[in-house]
Amino acid sequence: MFRIIPERCTGCGNCRTIQCSEPCSSCGACQLACPSGALIPGEQDETLCTVTVNGVRVRARGTVKNALEAAGFRVSSLPDEGDLFAPCGSGGCWACSVSVNGRPAQACITPPQGGMVIETMDEPALRYVSKFGPHTAGGVGTPHHEKTGLAVEVVCFAHGCNLRCPQCQKSQAAFTGGLNLLDPEETANLLLGVESVYRTGTVTFSGGECTLNRAWLIKSIEEVRKRDGSLNIHVDTNGTILTRDYIDELVLAGMRRIGIDLKGLRPETFMRITGMEDRKTSEAYLENSWDAIRYIATGHREVFLGVGVPYNSKLISVDEIRGMAALIGSISRKIQVTVLDYRSEFRCMDIERPSVKEMLHVKGVMEDEGLEVVLAQTEHGFMGP
């Protein structure tokens, strides 16, 4: 169990939904969630215990993920590499789940115990999900003419994220486990229940990063579509693990809108914005997000595509924004692009929110590159196109 350093605590509340074990597994989930360094791991049992992984006995400590590695399994933050996809580190997404003594458990945070029987399994359609409710601003995948200031869609936030953005505005979902573990049927029930009150015509899957658990997302979309075929289904994502076959599956399931945040043009910028430290993974994530936009814009024209581009002069230059606009324009000048005003949040408290004037200047730069639909998110709301 984690310990709290009271003098560092800012009262953000992220610690309330950390999935923690006793004894401490030193998984790091508490440190991931806390913006101020107020949480530290408790005392870890250093004793090696014997567990069985797919019939092979190994000795391990720490987490079940460590036991899998001891058994020769390769754990990766990319879904198509290695034997186990473990992207979030908080236990929120359940993508790394294995069977532990006959029940699903998250490999990234669960401590091994003597005699434990671990078996690999297909990704379970389970996810921690919270904050079902109306959204007045919509996301970057919401058509601009619908941003009326009223409830424009009903949204849910899936916990867990594969990025480590220090200025994350949704850290309570991105870096924590959660309290509500839902299957696709339960997720659809809650979304449709809220939508029946607000009658928005659109339901949105956001996060955190909602795409991390593919089985849960696909089946949740299918459940919504099965019960109400008239609704727009919107996926809000960083696009970093979207492959072309994943996109095809999302569209087949019923997705009709998608918003993808592009966090830079160069790997160095991507790493600065996302807090990622591994360059190889960062390059793969960045290429995936750009390729997802190319593929949707050209191969799935029936899907409404919106692109989010972050701006803060401390994180990305206007020249790089110009380069991003040129590249987006080479794909299609008609893609709706929203420039997002990145500001102080979570661990990044030393940057100022860009002024309205600054945001309109960046908007103009993108329009000068030929983009036809550009919005600017500002402290006074969305401006444009």
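Tutor: Start with helix H10 (residues 356-368), which lies across E16, E17, strand E18 (373-378) and E19, at about 165 degrees to E18. The model is predicted, so local features need pLDDT of at least 70, side-chain atom pairs count only at pLDDT 80 or more, and totals for chains, interfaces and linings use all residues. Residues are numbered from 1 along each chain as its sequence is written, and side-chain values use heavy atoms, leaving out hydrogens and water.

Student: What makes H7 and H8 roughly perpendicular to each other?
Tutor: Helix H7 (residues 267-274) and helix H8 (residues 279-299) pack at about 100 degrees, with axes 9 Å apart. Roughly perpendicular means 65 to 115 degrees, so H7 and H8 get that name.

Student: Which residues in H7 and H8 meet?
Tutor: Contact means heavy atoms within 4.5 Å. Pro267, Glu268, Phe270 and Met271 in H7 meet Arg279, Ser282, Glu283, Tyr285 and Leu286 in H8. By class, that contact of H7 with H8 has five nonpolar, one polar and three charged residues.

Student: What makes strand E10 and strand E11 a pair?
Tutor: Two strands pair if DSSP finds at least two bridges between them. Strand E10 (residues 127-135) and strand E11 (residues 153-158) have five, in the antiparallel sense. His135 stands opposite Glu153 in E11.

Student: Why do E12 and E19 stand at the edges?
Tutor: Ten strands form an open sheet in the order E12-E10-E11-E13-E14-E15-E16-E17-E18-E19, with mixed pairing. Strand E12 (181-182) and strand E19 (381-383) each have a single partner strand, so one side of each has no neighbour in the sheet.

Notes
Axes fitted to C-alpha atoms, helices over the stretch in contact; angles between N-to-C directions. Helix = DSSP H or I, 4+ residues; strand = E, 2+ residues; numbered from the N terminus. Parallel < 35°, antiparallel > 145°, perpendicular 65-115°, else oblique. Nonpolar A, V, L, I, M, F, W, Y, C, P; charged D, E, K, R; others polar.
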